[in-house]
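The sequence and the structure are shown first.

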Amino acid sequence: MALATKVNAYNVYQDGVKLVGIADEVSLPDFDALTETLSGAGILGEIDEPLLGHFGASEIEIPFRTLDEEMFKLLSAGSSVNLTLRLSTQAIEESTLANDFMPSRIVIRGKSKGFSGGSIKQGSGTGSSVKVEILYFLVEVNEKKKFELDKINFVYKVDGNDLLAKVRKQV
């Protein structure tokens with residue numbers, strides 16, 4: 001067993017081609033479940049009940065050092081965006097205390113929804129970025145699927161468990 005400690009290195013790919021010009025940090029999105037507030041007889045106060053597998057709109061912002069060709073490839077109107085982040089996570093092997101590395105992968109598919117041009121200053125990057133509406137999101141840790149959300153195909157899996165399989169059979 002290993003204790004994951006930090007991301008040692010990562011790369012971002014669009015349709016399998018490594019993107020160059022990506023800035024230092026990519027912030028991963030939050031996923032907030034859609035809820036309905038329940039109240040009434042037999043309930044003490046209110047309960048926000050999550051609707052399993054249903055999440056509000058999510059986006060990811062891909063930062064670029066400058067306005068470059070790679071950035072604008074993500075902006076083609078009406079085109080889908082297919083991104084893969086590949087990470088090497090540094091870890092400490094618990095039995096030997098030696099360093100180890102494990103792979104992680106994040107797959108994001110969606111639609112380009114805009115960009116920020118950033119700012120222009122001599123001797124500096126622009127801080128430009130592309131915004132992507134997320135329709136599909138997958139997280140793999142050590143080659144095991146841990147989280148998968150496919151909004152179009154009605155798939156929601158956590159730690160290998162298909163939480164909507166029964167619902168898909170009923171509708």
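## Aromatic pairs

A search of the whole structure, which is a predicted model, finds seven aromatic pairs. One of them joins F55 and Y156: the ring centres lie 5.3 Å apart and the planes meet at 65°, so the pair is edge-to-face. F55 belongs to strand β4 (residues 46-55) and Y156 to strand β10 (residues 155-158), so this pair ties together parts that are 101 residues apart in sequence. Both F55 and Y156 are buried.

F72 and F115 make up another edge-to-face pair, with 5.7 Å from centre to centre and 70° between the planes. Because F72 lies in helix α1 (residues 69-73) and F115 in strand β7 (residues 99-116), the pair ties together parts that are 43 residues apart in sequence. F72 has a relative accessibility of 38% and therefore counts as partly exposed. F115, at 44% relative accessibility, also counts as partly exposed.

Which residues form one aromatic cluster? The cluster consists of F31, F55, F137, F147 and Y156. F55 and Y156, the buried residues of the edge-to-face pair described above, are thus found again among its members.

## Nonpolar core

The largest nonpolar core comprises 26 residues, and those with the most contacts inside it are F64, L83 and I108. Two or more residues come from each of the elements β5 (59-64), β6 (80-93), β7, β8 (128-141) and β9 (144-150). Strand β8 gives the most to this core, with five residues.

What does I108 touch beyond residues up to four places away in sequence? Its partners are I60, V81, N82, L83, L85, I134, Y136 and F137. One of these partners, L83, is itself listed with I108 among the residues with the most contacts inside the core.

The side chain of E133 makes a polar contact of 3.2 Å with the side chain of K113. When neighbours within four places in sequence are left aside, E133 is in contact with A57, S58, E59, R109, G110, K111 and K113.

## Overall build

The chain has two helices and 11 strands. From the N terminus on, the elements follow the order β-β-β-β-β-α-β-β-β-β-β-β-α.

The radius of gyration of the chain is 20 Å, whereas a compact globule of 171 residues would have a value near 16 Å. Along the principal axes, the C-alpha atoms fill a box of roughly 65 × 50 × 35 Å. Of the 171 residues, 32% count as buried. Among the contacts in the chain with a separation of 6 or more, residues 24 or more positions apart account for 58%.

Notes. Residues are numbered from 1 along each chain as its sequence is written. This is a predicted model: local features need pLDDT of at least 70, side-chain atom pairs count only at pLDDT 80 or more; totals for chains, interfaces and linings use all residues. Side-chain values use heavy atoms; hydrogens and water are left out. Rings of Phe, Tyr and Trp (its six-membered ring) pair if their centres lie within 6.5 Å; planes under 30 degrees apart count as stacked, over 60 as edge-to-face and the rest as tilted. Helices (H or I, at least four residues) and strands (E, at least two) are DSSP runs, numbered from the N terminus. Buried means under 20% relative accessible area, exposed over 50%, partly exposed in between (1.4 Å probe, protein chains only). A nonpolar core is a set of buried Ala, Val, Leu, Ile, Met, Phe, Trp, Tyr and Cys residues joined through side-chain atoms within 4.5 Å. Contact means heavy atoms within 4.5 Å. A polar contact is a pair of N or O atoms within 3.5 Å; within protein, one must be able to donate a hydrogen and the other to accept it, and residues adjacent in sequence count only if both atoms are side-chain atoms. The radius of gyration is taken over C-alpha atoms; the globule rule is 2.2 Å times the number of residues to the power 0.38.
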